[in-house]
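The following note records points for a colleague to verify against the coordinates. Please read each point with the model open.

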Amino acid sequence: MYDEHYGLSGRPFQLTPDPRFWFDTVTHKKAMAYLGYGLAQGEGFIVITGEVGTGKTTLVGHLMATIDRERLLAIRIASTQIEPDDLLRMVANGLDLDPDGMTKSQLLSSIERGLHATARAGRRTLLVVDEAQALNIAALEELRMLSNLQAGGHALLQIFLLGQPEFRARLQGAGRLEQLRQRVIAMHHLEPMGPEEVEPYMFHRLLLVGWRGRPRFTADAFDALYRGSEGVPRRLNQLAARVMLHGAIEQLDTLDARVVDAVIDDVSGDMPSADAPPAAPIPVAPMASPAPIAPPTAFAAPEAAVDAPSPLPIRGLQEPVAAAPSVATVPEVAPAVHDATARLAALEARVDEQDAALRRVLTLMIDWIEGDQRPDAAALRRVTG
C-alpha cells in the first residue's frame, strides 16, 4: 500500500533478509573483516554471534552472494536442531554424496574422500552453520572432528558458526567445549547500529526501490526511529514500514518525530499492559494446556582479540543486504455490529483486500530492482529539505 502511494517499486523495509539490501554498519563491517581474516587462515572455526534481529542471516546471505565459487565451496546448514548423524548426512549432501544406507564409519570415510576431491579440484570447503546455539554437544564434537581432517598439512574443511549470545557464552564457559574453543580463530559479536547510522541505512534501502524524496523524513524522525528500535535492524525495518504505512493512510508527504512517536504508541497499544486487569474468561470446552517455554537467557561476554584481518578471499564486496518482501499490513475492515449478513460482508471484503495485497507483493518480487550505490545523506537532505 505505502509503496504505491509513494511511487516506490517495492517495499524497502521487509523482514526477510535479502543480500541486495546489505548495508555496511560499523558492526557488520567489523564482522566482514573478521570473516576475511578467518577465511585467509583456511582452517578452524569462525564464530559470529548477535541478538535476534541484528543481521546474522543477512551477513551470511551477503557472504554467499560474494564468494568466488570457483575457489570456495560453501555448504550451508540452517536447520540445527538435529542429531550428530543427521548433521553428517547434511554435510555429505553438500558434497554431492549420497549418504543413504551408510553406517557412520562409511559416512565419515565418504565425507573425507569428498573433501579430498574438492581440494584436488583447487577449491576449499567452507561449512556455514546458522543458529548454532541449537546444536547439542555431540553435534559440536562431530564438527570439531571434521575440522581436524587434513591433506598435506592443510585443513580440508573450515567451519563458520553463527548463533545467539548464549552460544558465545557456551564457548567461553567451562565444560566439554574446550577443544573446540581452542580452534576458534576469529570471533565477533554483532551490535545494534548507532544513532548516526539510521539515516544513511534508511536512505540506502529507500533508494534501492526508486525513492525520490517522497515522503520526506525530518532529522528528528530518524532520532525517533532510533529510540523506537534501539538500532536493531529488524526492529527498525518493522517500525519504518509501519511509519510509512501510517503516512500513506494519512496522506502525509513529511514524516517527523510526532508521526513516528504516534506509530510507536499505536504499536505499544497492540500489546496488553502487564498492569492491566485480566479480561473476563470466556467459557470454552476444557483442553490440555501446552507446557510453558522458558525464554532464552542473554549473555554478555568479552570479545576475543585477533590479529589485523586479511582481505577477504571473495569477489569484490558489493553493497549490503536486508529483507525480501512479505505481505504488507492491511488496514482492518471494521466489523459489522448488527447482524450476521453485515459481518459476513465485512469478512469477504477483508479477504478481497488481503488477496489484492498478496498479488501486489508477488508482482513486486518479480519487478524488484537492484542497486549498488550508497546514498549521500547530506545531498539527500538538501534535495528533500
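**Notes on the predicted model**

1. L206 touches P12, F13, W211, F217 and M244, leaving out residues up to four places away in sequence; contact means heavy atoms within 4.5 Å. L206 belongs to helix α9, which spans residues 198–207. Helices (H or I, at least four residues) and strands (E, at least two) are DSSP runs, numbered from the N terminus. With a relative accessibility of 0%, L206 counts as buried. The cut-offs are under 20% relative accessible area for buried and over 50% for exposed, with partly exposed in between (1.4 Å probe, protein chains only). The C-alpha atoms of L206 and S9 are 9.8 Å apart, although 197 residues separate the two in sequence.

2. On provenance, this is a predicted model in which local features need pLDDT of at least 70 and side-chain atom pairs count only at pLDDT 80 or more, whereas totals for chains, interfaces and linings use all residues. Residues are numbered from 1 along each chain as its sequence is written, and side-chain values use heavy atoms, with hydrogens and water left out.

3. As to overall composition, the protein has 14 helices and 11 strands. Of its 385 residues, 44% are buried. Among contacts between residues at least 6 apart in sequence, 79% join residues at least 24 apart.

4. P215 is placed in the loop between α9 and β9 (216–217).

5. Which residues of helix α10 are buried? In this helix (residues 219–229), they are A221, F222, A224, L225 and S229. Viewed down the axis of α10, these buried residues fall within an arc of 160°, so they line one face of the helix; the arc is that of the directions from the helix axis to the C-beta atoms. The exposed residues A219 and R227 are carried on the face of α10 turned away from its buried side.

6. Axes are lines fitted to C-alpha atoms, for helices over the stretch in contact, and angles run from 0 to 180 degrees between N-to-C directions. Angles under 35 degrees count as roughly parallel, over 145 as roughly antiparallel, 65 to 115 as roughly perpendicular, and the rest as oblique. The crossing of α10 and α11 is right-handed; a crossing is right-handed if the near helix is turned clockwise from the far one by less than a right angle, and left-handed if anticlockwise. L225, G228 and S229 from α10 meet R235, L236, L239, A240 and V243 from α11. L225 and S229 are also among the buried residues of α10.

7. Two non-glycine residues with positive phi call for attention. E230, in the loop between α10 and α11, has a positive phi of about 60° although it is not a glycine. E131 likewise is not a glycine, yet has a positive phi of about 55°. E131 lies in the loop between β4 (124–129) and α6, and its relative accessible area of 27% makes it partly exposed.

8. A further helix pair is formed by α4 and helix α6 (residues 137–147), whose axes come within 8 Å and cross at roughly 40°. That angle makes α4 oblique to α6. The crossing of α4 and α6 is right-handed. On the α4 side P84, L87, L88 and V91 take part, and they meet A138, A139, E142, L143 and L146 in α6.

9. M102 is located in the loop between α4 (84–94) and α5 (104–120). At 21% relative accessibility, M102 counts as partly exposed. Its contacts, setting aside neighbours within four places in sequence, are with R89, L107 and S110. The C-alpha atoms of M102 and R89 are separated by 9.3 Å, the two residues being 13 apart along the chain.

10. Finally, T66 is in helix α3 (residues 56–66) and is buried, with a relative accessible area of 1%. A polar atom of the T66 side chain lies 2.9 Å from the backbone oxygen of H62.

Terms used. Polar contact = N/O pair within 3.5 Å; in protein donor to acceptor, adjacent residues only side chain to side chain.
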